[in-house]
Amino acid sequence: MMYHQLRILDIKVTLSYFIEPNPGERGWGQRHRYASYGLRFEVKRPLESHDDFRKRINKAAREEEENTTTRTESDNWFLGSKLRNRGSIHSDIWNGTAVELAQRGAIAVYPVGGWWKEKKYLDRWQQSARYSLIVSIRVPEVEVDIYTPVLNRVELAVDINT
């Protein structure tokens, strides 16, 4: 069992959503002018409590709004948050061991600004945002079923607030 825990594996996280263009603006010369809203994802770090994870997500959302990002996280991500957060399809690959992956245990999807915040009279901020989050785990050269245990944990743990 120890052999598989030390195996190097990849997870690929892909977040996709529809950006509604601004009804009154033609270009995107200024921040938050073209897209109705944006979404971002973050993965809990090893040894980070769920409470600290929530605090980090809230801070990241505030910094994104104020355009004052101070985080310099690589954390084994191929692109990192600065490069992956462009457009409406965000994808990145994390590389590490099974033990490191097991210590993560949570992914957050959170909103960032857009014209829906500036044009409050349109009441677009009250609408729900549809998105797709796909997580793929690749374990090269391993003949162990990882799908079933992961599926069982995800089905029990998914909590979507509507």
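The conversation below goes through the structure topic by topic.

Biologist: What kind of model is this, and how are residues numbered?

Modeller: Residues are numbered from 1 along each chain as its sequence is written. This is a predicted model, in which local features need pLDDT of at least 70, side-chain atom pairs count only at pLDDT 80 or more, and totals for chains, interfaces and linings use all residues; side-chain values use heavy atoms, with hydrogens and water left out.

Biologist: What is the average pLDDT of the protein chain?

Modeller: The average is 77, and 75% of the residues score at least 70. The term pLDDT stands for the predictor's confidence in each residue, from 0 to 100.

Biologist: Which elements have the lowest and the highest mean pLDDT?

Modeller: Helix α1 (residues 2-5) has the lowest, at 48, and strand β3 (residues 89-97) has the highest, at 91. Where pLDDT is low, the predicted coordinates should not be read in detail.

Biologist: How many helices and strands are there?

Modeller: The protein chain has six helices and five strands. Their order from the N terminus is α-β-β-α-α-β-α-β-α-β-α. Helices (H or I, at least four residues) and strands (E, at least two) are DSSP runs, numbered from the N terminus.

Biologist: How much of the chain is buried?

Modeller: Of the 162 residues in the protein chain, 32% are buried. Buried means under 20% relative accessible area, exposed means over 50%, and partly exposed lies in between (1.4 Å probe, protein chains only).

Biologist: Now the aromatic residues. How many aromatic pairs does the structure hold?

Modeller: The structure holds two aromatic pairs. One of them is formed by F41 and W77, which are edge-to-face, with 6.2 Å from centre to centre and 65° between the planes. This pair links distant parts of the chain, since F41 is in strand β2 (residues 38-43) and W77 is in the loop between α2 (50-66) and α3 (81-84), 36 residues apart. Rings of Phe, Tyr and Trp (its six-membered ring) pair if their centres lie within 6.5 Å; planes under 30 degrees apart count as stacked, over 60 as edge-to-face and the rest as tilted.

Biologist: Are F41 and W77 buried or exposed?

Modeller: F41 counts as buried because its relative accessible area is 1%. W77 is buried too, with a value of 9%.

Biologist: What sits over the ring of F41?

Modeller: The charged end of R84 does, 4.4 Å from the ring centre. R84 also lies over the face of W77, at 4.9 Å from the ring centre. A charge sits over a ring if NZ of Lys or CZ of Arg is within 6 Å of the ring centre and within 35 degrees of the ring normal.

Biologist: Which residue forms a salt bridge with R84?

Modeller: The partner is E42, and the closest N and O atoms are 3.8 Å apart. R84 in helix α3 and E42 in strand β2 are 42 residues apart, so this pair links distant parts of the chain. Both R84 and E42 are buried. A salt bridge is a side-chain nitrogen of Lys or Arg within 4 Å of a carboxyl oxygen of Asp or Glu, and by this rule the count comes to seven.

Biologist: Where do K59 and E63 lie?

Modeller: Both lie in helix α2, four residues apart, about one turn of the helix. Elsewhere, salt bridges that share partners join E42, E48, R56, R84 and D92 into one network. Within this network, the side chains of E48 and R56 meet at 2.9 Å, N to O, and both residues are buried.

Biologist: Changing topic, which residues make the nonpolar surface patch?

Modeller: I107, Y131, L133, V135, I137, V144, I146, V150 and V154 make a patch of about 650 Å². Strand β5 supplies its largest share, four residues. Patches are made of residues with over 30% relative accessible area and no salt bridge: like charges are joined within 9 Å, nonpolar side chains (Val, Leu, Ile, Met, Phe, Trp, Tyr) within 5 Å. Accessible areas come from the Shrake-Rupley method with a 1.4 Å probe, and for residues only the protein chains shown count as cover.

Biologist: Why does Y131 count as partly exposed?

Modeller: Y131 counts as partly exposed because its relative accessibility is 41%. Y131 lies in strand β5.
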